[in-house]
Amino acid sequence: MICLDVLRGTPAFIVHRATNDPVRELDGAHVWFWDLDAVPQLDTARRVVLSANERARAERLRSPLLRRRFEARCMLVRHVLGPVVGVSPEALAFETTANGKPRLVLPGRAAAGGRVAALDFNLSHSENVLVLAVALERQVGVDIEVVRSGVDVLAVAEAQFTAGELAWLRALPPEHQRPAFYRFWTRTEAISKVSGQGIASPLVATTALATLHSFQFRFGETDVIGALALDFEVRRGATADRGRVDPPTGPRSRPSERVLGRLGATVELGSAVGAAQRIFAKEG
């Protein structure tokens, strides 16, 4: 686990110290961070927790490093989500929605109720850093990026950003352009991953967010920038409307204003997410 005391105390999410930390609070997001390269290579006994499809995918990865990271990622996610929904990690099954977002599936009564039906999760990894976000009764999206000094952010922005977004980035002091670029990317990506819209198809709807939170931390010699988005919707019987706010109406602001808005502001899921998809070809 990556210990991130710098992120503790934020109302946006609960950062867990251990894979087996209990998940009790229902109203916020729960987040785990790991260094995938610190996870020992899985032996035959430990690989049993992976599904046949996950083991087959791992075997298709030619790079031993990428194979170890992929196996570690699958194992860690299973060891968190299994206890949350009350099943063994190897019993978990996954599918993807029509929009490309992964979700849990279990047979029989387990799939129809309880925490399986209520749980939403999202994960992101960049190089060796993995983040998993879990929410109950809410939809969650998370994204992280290892800041790469070799990326010419202005050149990428010139090719991919709108004219207004490019002008905004160019107007910043040079020393602020790189972190601002990565904050824009991770915030737009986190927004798009709340419902999966924008991942596999053009955006066709909007949603209102309860939280859009950026974070940044130093890990070894690298900087990591990320964002977490959590929707307003609470899907619990009599409390289903608690905390819900109608999506914003009226003229939309520029994408950069929506995505780089203040912490906790309601953010409309609009065409800005398209920029996020075009910035990087991400690993895995």
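**Sheet, helices and aromatic pairs in a predicted model**

I would like to begin with helix α2, residues 64-85, which lies across β2, β5 and β6 and runs at about 160° to β5. Contact here means heavy atoms within 4.5 Å, the axes are lines fitted to C-alpha atoms, for helices over the stretch in contact, with angles from 0 to 180 degrees between N-to-C directions, and helices (H or I, at least four residues) and strands (E, at least two) are DSSP runs numbered from the N terminus. Please keep in mind that this is a predicted model, in which local features need pLDDT of at least 70 and side-chain atom pairs count only at pLDDT 80 or more, while totals for chains, interfaces and linings use all residues. Residues are numbered from 1 along each chain as its sequence is written, and side-chain values use heavy atoms, with hydrogens and water left out.

Now to the sheet. It is an open sheet of four strands in the order β1-β2-β6-β5, with mixed pairing, where two strands pair if DSSP finds at least two bridges between them. Strands β1 and β5 (119-126) stand at the edges with a single partner strand each, so one side of each is left without a neighbour in the sheet. Strand β2 (residues 29-35) pairs with strand β6 (residues 129-136) in the antiparallel sense over seven bridges, and Trp32 has Leu132 as its bridge partner in β6.

Next, the aromatic rings. The whole structure holds nine aromatic pairs, counting rings of Phe, Tyr and Trp (its six-membered ring) whose centres lie within 6.5 Å, with planes under 30 degrees apart called stacked, over 60 edge-to-face and the rest tilted. Phe13 and Phe215 have ring centres 5.9 Å apart and planes at 80°, so this pair is edge-to-face; it links strand β1 (residues 13-15) to strand β8 (residues 209-219), across 202 residues. Phe13 counts as buried at 5% relative accessibility, and Phe215 is buried at 4%, where buried means under 20% relative accessible area, exposed over 50% and partly exposed in between (1.4 Å probe, protein chains only).

By contrast, the rings of Phe161 and Phe181 have centres 5.6 Å apart and planes at 20°, so that pair is stacked.

Finally, the axes of helix α6 (residues 163-171) and helix α7 (residues 174-195) come within 9 Å and cross at roughly 145°. Glu165, Trp168, Leu169 and Arg170 of α6 make the contact with Gln177, Ala180, Phe181 and Phe184 of α7.
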